[in-house]
Amino acid sequence: LLVESPLVCVLSNHDLCSEAVKAQYGLDAFERKWKAQISNISPKGFKGHLCLLVYRVLKTIYNGNNPTSKQSFDSLCRNRKFEDSPQNSGILQYVTLILQLIQLSNIGDSQYNSFDSLVLYLSKVSTNAFSIVNDLIEEIGIGIYIQASLFNHSCIPNAFQSFDNNLHIHIKALRDIHPGEEICVSYIDLGRPTWWRQQELMKGYSFTCNCERCVQPDYLDGILCHSCQRIAQIVTNEEQQKLQYIDWMKGNYANFLTSLEIDVNKKESLPIPFLNVLSYHDNESFFKYNTIQCNECGSQYSIKETKKTFQVLKSLCNQYKIIINECDPMQQIQQLLSFLDLMKKHIPVNNYSFAIVRSELKIVLEDRLVLANQTYESSIRKNAIDVKNITKLRLLLLDNWNELIHCLRRCYPPQVPHSRIFFEELRYTLFVLTVLHPTEEYEDLSIDIEHRNSLLKQLNQMIPTMRKEMRILYPDSKHMFYTQMDFIESEVHYLRNLS
């Protein structure tokens with residue numbers, strides 16, 4: 001639908017870029033000097049790349065000879081939270097550091113270097129900047145793409161963005177788009193529950209999404225119904241919804257009431273409130289205005305019962321932090337498996353929390369397997385205990401990885417291919433092949449016939465879907481993923497004939 005080069009961009013990971021890209025978008029002398037000056041005074045979490053991006057925008061549109069660039073940039077939307085709270089300590093820090101950079105390089109007319117002007121540029125850049133990632137979903141940098149910035153957001157988009165080796169953005173259709181239908185992309189992670197997506201959109205872009213997905217019941221959140229073990233969710237009537245929203249606005253984003261021009265006395269003007277089951281457990285207004293009701297059997301839960309469930313969920317969150325931060329790797333594996341069993345008693349498997357925990361468990365299992373393999377390879381005599389440990393770790397990793405893919409499939413909108421899911425499935429299938437078709441050195445690690453046939457059957461079912469999604473996500477048939485898919489298919493065919 002669109003291919004566009006960046007107006008400006010800043011690299012955050014030079015190791016992932018070609019020499020040509022580094023030469024074009026790397027730091028100049030003034031930027032290197034500025035970066036050296038601020039390296040010791042930057043606060044934790046400071047995004048220096050954002051300051052550099054604002055500086056490069058100013059340098060490009062006000063020091064260049066292209067008035068079209070200035071007009072195009074001026075037409076971009078802004079985030080009003082910057083202008084509503086210009087004295088915010090974070091905004092002040094950014095503006096101060098941008099001013100330092102401008103003074104070092106002596107660019108631009110003084111009228112563009114005023115505090116108010118820089119707040120406006122910071123607002124526009126932070127709202128319209130794209131995070132540039134490669135095919136392996138590794139961040140390379142951030143950039144401003146004027147035409148691509150004009151696409152609106154949807155949580156069930158009909159298009160998506162990707163980047164080539166020259167950092168050009170490609171906007172591609174995910175499905176057939178009808179005449180007159182708006183083309184929308186996603187600004188955020190679509191695998192998250194509605195409350196999280198709404199929160200991120202409000203925080204980063206100052207709007208509430210009212211797409212079809214956001215106004216439907218959210219099956220990525222909720223608790224288990226005590227009666228039928230289905231999903232129980234928050235329900236509110238119109239009056240309660242209005243009161244809850246006002247409380248939420250006053251408590252979290254009071255300064256937006258004026259800037260968003262919302263008349264809180266008119267029900268039809270209220271955006272959808274954030275219904276975050278897991279984060280509202282400390283909010284009294286939540287219990288005051290909401291009821292928990294099962295979607296299937298209609299069972300409703302009292303405030304007392306609801307609070308009890310939230311206390312359990314809160315303790316689960318605390319327990320998870322302890323496991324991740326304080327346990328050694330072997331303990332982590334056992335404790336995370338027990339933790340998942342405990343989660344299943346209180347939270348539906350659709351909940352995004354399962355994807356988070358399973359992702360962490362996968363990382364721990366992969367690390368332990370690497371260490372176990374190194375021990376096995378360095379042994380002159382192949383110890384039976386080592387073989388048993390590696391086989392156990394492999395099967396655990398396979399089961400957990402498979403469940404993680406199912407979690408992601410449930411979390412992301414159906415019929416919308418996503419590079420994260422495809423990449424996860426690709427890595428999973430390649431790992432399955434190493435288990436099914438071991439090298440001579442690993443012949444002792446073969447698995448039983450039943451498990452082997454089950455995995456082969458699964459790969460046969462996955463490959464057609466992966467092929468279809470790959471063609472949408474990566475239309476260029478010369479892409480490395482096509483070679484990998486060909487290899488996977490040929491290996492599966494060979495193993496099936498062996499069986």
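**Note on the predicted model**

1. Leaving aside neighbours within four places in sequence, Leu393 is in contact with Ile333, Leu365, Arg368, Leu369 and Ala372. Leu393 belongs to helix 16, which covers residues 384–411. With a relative accessible area of 9%, Leu393 is buried, because the limit for that class is under 20%. One of its contacts, Leu369, is 24 residues away in sequence, yet the two C-alpha atoms are 6.3 Å apart in space. The model is a predicted one, and what follows should be read with that in mind.

2. Some totals for the chain give the setting. The protein chain holds 19 helices and 12 strands. Its residues number 499, and 46% of them count as buried. Among contacts in the protein chain with a separation of 6 or more, 70% are between residues 24 or more positions apart.

3. The crossing of helix 15 past helix 17 is left-handed. On the helix 15 side, the residues that meet helix 17 are Tyr352, Ser359, Lys362, Glu366 and Leu369. Helix 17 contributes Arg420, Glu424, Arg427 and Phe431. By class, the residues of this contact are five charged, three nonpolar and one polar.

4. Helix 2 (residues 29–38) has a covered and an uncovered side. Which of its residues are buried? Glu31, Trp34 and Ile38 are. These three lie on the same side of helix 2, because the arc they cover around the axis is only 65°. Ala29 and Ala36, on the other side of helix 2, are exposed. As background, an α-helix has 3.6 residues a turn, so residues three or four places apart point the same way.

5. Strand 4 is mostly covered, with five of its six residues buried.

6. Strand 3 and strand 4 form a hairpin, with five residues between them. Ile137 lies in the loop that joins these strands. What is its phi? Ile137 has a positive phi of about 60° although it is not a glycine. Most residues other than glycine have a negative phi, and most peptide bonds are trans. Ile137 counts as partly exposed, because its relative accessibility is 37%.

7. Ser206 is another residue to check. Its phi is near 60°, a positive value in a residue other than glycine. Ser206 is in the loop between helix 8 (194–205) and helix 9 (212–215). Is Ser206 buried or exposed? Ser206 is buried, because its relative accessible area is 11%.

8. A further open sheet has three strands in the order 1-7-6, and its pairing is antiparallel. The edges are strand 1 (2–4) and strand 6 (159–163), each of which pairs on one side only. The average twist from one strand to the next is 20°. Strand 6 pairs with strand 7 (residues 169–173) in the antiparallel sense, over five bridges. In strand 7, Lys172 is the bridge partner of Phe160.

Key. Residues numbered from 1 in each chain as written. Predicted model: local features only at pLDDT ≥ 70, side-chain atom pairs only at ≥ 80, totals over all residues. Heavy atoms only, no water. Left-handed = near helix turned anticlockwise from the far one by under 90°. Helix = DSSP H or I, 4+ residues; strand = E, 2+ residues; numbered from the N terminus. Contact = heavy atoms within 4.5 Å. Nonpolar A, V, L, I, M, F, W, Y, C, P; charged D, E, K, R; others polar. Pairing = 2+ DSSP bridges. Axes fitted to C-alpha atoms, helices over the stretch in contact; angles between N-to-C directions. Buried < 20%, exposed > 50% of the residue type's maximum accessible area, 1.4 Å probe, protein only. Arc of directions from axis to C-beta.
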